[in-house]
Amino acid sequence: MSARIARFLAEQTPETPCLVVDLNLIGAAYDGLRRYLPLAQIYYAVKANPAAEIVRMLNWKGASFDVASRGEIGLCLENGVTPDRLSFGNTIKKEKDIAHAYHAGVKLFAFDSADELAKLARAAPGSRVFCRILVTCDGAEWPLSRKFGCAPEMAVELLHHARDAGLDPYGVSFHVGSQQTDLGQWDGAVGAAAGMFSALAALDINLRMVNIGGGFPAHYSGELPGVEHYAQAVMRAITRHFGNDLPEIIIEPGRSLVGDAGIIQSEVVLISEKGGNDGRRWVYLDVGKFNGLAETMDESIKYRIATPGRGGSAGPVVLAGPTCDSADILYEKTEYCLPLALRVGDKVEILSAGAYTASYASVGFNGFEPIRTYCI
Ligand SMILES: *Cc1c(COP(=O)(O)O)cnc(C)c1O
């Protein structure tokens, strides 16, 4: 935890659960990515954490933004982002929202199907468009496969058609899956993109851009290579497949920019044992799947957890949230151990919780408010 967050919690003692985000850490992560990938243009994936303070700070630093809806477009424009730095990256858009974005000045759009391309041709004529291709997402802890993208051969046809439909066929995108643990995953995807550049060049269409999506990690349980190693793997893949004729590169980080910059402070509501021969304590927190920890679904994202002020010997626990839904269990299969001295009312910290927490909270299931975010 950063010293600034520790001081904020000590001095302000906010109600729990709450998410505290250190903007300086996000700025540092952004600077790091610029240093490691100097050729890439960085589009922050707003959905990871849409706090206005984060948008303003990254805008001030010169970032661009990957947005998925009218709401996210409005958020960016209201916080000073000019529309030329927005990419409408969702492949599933209503035609009226495309028209709205186009009239607001957005001129860069994603698609992955013939129908979506037809909508873009009607509602955003002349815009730059890129086609998202299917990739397997093997090795990702939060995969984004199947739902998005089309086969590269189909993407070639669609981009060819895009030109005839009055659009500017600009490039190719993919997302190798969020919290990707395998640095080798970018190579195949970049190779497929390079193949599409060649196939379309033969049709006299010169693609210019490769959008390598997100996938860079935050620091959860388990060790992964640093972001600089991910950046190296990406650049190796691009130079291997494109040689000297490098395309424009776009990267859309979400998790790796904001994940490690935030912690959720929560409180133990109840500790119970259930008899029988399991012997594990059940520890119920005031934060759960519905008010901030949605990514514990299927125990996919395994947060690091701290119990400040409580040490000594530890024992296995099942961790659960406070609502009356039995799906609101955080970790039951994954082994978590917490101090035996832990008591009701103790603070529990969920570390690296800056991404996909506040924005995934329900509006008020069971009367529990969505988690409050403090940006400091
Ligand atoms: C969610 C998303 C991202 C961000 O992915 P991370 O793994 O969080 O970096 C980037 N691009 C698109 C299109 C997305 O949907």
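1. Basis. The model is predicted: local features need pLDDT of at least 70, side-chain atom pairs count only at pLDDT 80 or more, and totals for chains, interfaces and linings use all residues. Residues are numbered from 1 along each chain as its sequence is written, and side-chain values use heavy atoms, with hydrogens and water left out.

2. Helices α2 and α3. Helices here are DSSP runs (H or I, at least four residues), numbered from the N terminus. Helix α2 spans residues 23-36 and helix α3 spans residues 52-60. Their axes come within 10 Å and cross at roughly 40 degrees. Axes are lines fitted to C-alpha atoms over the stretch in contact, and angles run from 0 to 180 degrees between N-to-C directions. α2 and α3 are therefore oblique to each other. On this scale, angles under 35 degrees are roughly parallel, over 145 roughly antiparallel, 65 to 115 roughly perpendicular, and the rest oblique. The crossing of α2 and α3 is right-handed (the near helix is turned clockwise from the far one by less than a right angle).

3. The α2–α3 contact. From α2 come Leu-23, Ile-26, Gly-27 and Tyr-30; from α3 come Glu-53, Ile-54, Met-57 and Leu-58. Contact means heavy atoms within 4.5 Å. By class, the contact has six nonpolar residues, one polar and one charged. Ala, Val, Leu, Ile, Met, Phe, Trp, Tyr, Cys and Pro count as nonpolar, Asp, Glu, Lys and Arg as charged, and the others, Gly among them, as polar.

4. Helices α7 and α8. Helix α7 (residues 152-164) packs on α8 at an angle of about 40 degrees, with the axes 10 Å apart. That makes α7 oblique to α8. Their crossing is right-handed. Pro-152, Ala-155, Val-156, Leu-159 and His-160 of α7 meet Ala-192, Met-196, Ala-199 and Leu-200 of α8. Eight of these residues are nonpolar, one is polar and none is charged.

5. Helices α8 and α9. α8 (residues 185-201) also pairs with α9 (residues 227-242): the axes come within 9 Å and cross at roughly 30 degrees. That makes α8 roughly parallel to α9. This crossing, too, is right-handed. On the α8 side, the contact includes Trp-186, Val-190 and Phe-197; on the α9 side, it includes Tyr-230, Ile-238 and Phe-242. Ten nonpolar, two polar and two charged residues make up the contact.

6. Largest pocket. Its volume is about 610 Å³. A pocket is an open set of points on a 1 Å grid over the protein atoms alone, with protein on both sides within 12 Å along at least five of seven lines; lining residues have an atom within 4 Å of a point. Volume is the space filled by probe spheres set on the points, which are joined across faces, edges and corners. Of the 30 lining residues, Lys-47, Ala-68, Arg-132, Leu-144 and Phe-148 are closest to the pocket centre. The lining has twelve nonpolar, eleven polar and seven charged residues.

7. Cavities. A cavity is a set of grid points where a 1.4 Å probe fits but cannot get out. The whole structure has two of 30 Å³ or more. The largest cavity holds about 60 Å³. Among its 13 lining residues, Gly-214, Gly-215, Glu-252, Gly-254 and Arg-255 lie nearest the centre. The second largest cavity holds about 40 Å³. Its lining includes Arg-132, Leu-144, Phe-148 and His-175. That lining divides into six nonpolar, two polar and two charged residues.

Terms used:
Helix = DSSP H or I, 4+ residues; strand = E, 2+ residues; numbered from the N terminus.
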